[in-house]
Amino acid sequence: MSLRSDYDRVYRSLSRVELQKGAGDLDLPDLFGSARGAGMLGFYTEEAMRLVFERYGFLRNLADQGYGEVRIEIRCDDPEEHLMRVWSESPRIETAPLLELVARRDVLRPADEVEARIGRSYVAVLNIDWLQLQRPDSEFSDERPPLPGQHYPGLGLGREVLEMTRQAAKRLELDALVTVPSYFHNAFFYSSEFQYVDPHEQGLFLALCRDVLPRTFGSAGAASWAILESMVLDEDSQEPFKWFHDVMLAPISDDLVAYMNADVYHRESGAALRSKQFTVFEAALKRHLAARGIRPLDPALIRRWIADQ
């Protein structure tokens, strides 16, 4: 059974009454999700989130990694942007949370050409402003090298958390998940479910995947470092490529699914893909990665690395 089908089954088993435990008195619109009440995203209390984590198996996943007891923190000081953290209590870790999520309900107003294709001027979305999963009691190693922006090794549970977030957006009757990736490796991770709203930006991202990944040992992390450290050349401008910050979207509603799957979207993204070309300053990148203790792990790639020195 796939992760999504498994989570869909759990989604159907969770009632709104269960998820509203601990929320106090709710008026009818809050109960059915069309108005904002107490808790994360106006719906999920700490008690509800613990139930969600338990039913979806996330608490078991954490226990399997040695985090047997956790504390959930939800902060809604900002009425629009909500924060959730999951802290390890056994073992007790106070340096940083295992999970930190900043999210908000939002309205995406698409560009005119997108509006014409989907037939409406706004899209109700769950905006993921920040998502971090980490092991604060671990250190980086050859097997777990650092990625740009990382302070600790990752938890390896990104797919599970992303799917739970998608299920939450569906529960709130939103049209999509959206995010603006801070780095290339974030976009690469999200790309299994997300595409750039603008097909031209999607083509640009795919061109980076085509040209940069083969020259960075197939590693999204190494590619991300290459872009961040200005070691990727845009052959059109003959200037180092600067990472772009634009909206990626994972569709939920039928009209957005249709937009992302439409022939016209793929034609335009394909045209942008073919129009771009990138080169990597490979020797400089190797020196930079080696200075950070980052080396390719595949034996064939290691032999090639040594041969190229």
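This is a predicted model: local features need pLDDT of at least 70, side-chain atom pairs count only at pLDDT 80 or more; totals for chains, interfaces and linings use all residues.
Residues are numbered from 1 along each chain as its sequence is written, and side-chain values use heavy atoms, with hydrogens and water left out.

View A. Helix α13 spans residues 282-291; helices (H or I, at least four residues) and strands (E, at least two) are DSSP runs, numbered from the N terminus. L285, K286, H288 and L289 are buried in α13. Buried means under 20% relative accessible area, exposed over 50%, and partly exposed in between (1.4 Å probe, protein chains only). These four residues lie on the same side of α13 because they cover an arc of only 165° around the axis, the arc being that of the directions from the helix axis to the C-beta atoms. The exposed residues R287 and A291 are on the face turned away from the buried side. G293, which follows α13, has a positive phi, near 75°.

**View B. Q202 in helix α9.** Q202 belongs to helix α9, residues 199-212. Q202 counts as buried because its relative accessibility is 8%. Leaving aside residues up to four places away in sequence, Q202 touches Q195, Y196, Y265 and S269; contact means heavy atoms within 4.5 Å.

**View C. The hairpin of strands β1 and β2.** Strand β1 (residues 69-75) pairs with strand β2 (residues 82-90) in the antiparallel sense, over seven bridges. Two strands pair if DSSP finds at least two bridges between them. Six residues lie between β1 and β2 in this hairpin. I74 has M84 in β2 as its bridge partner.
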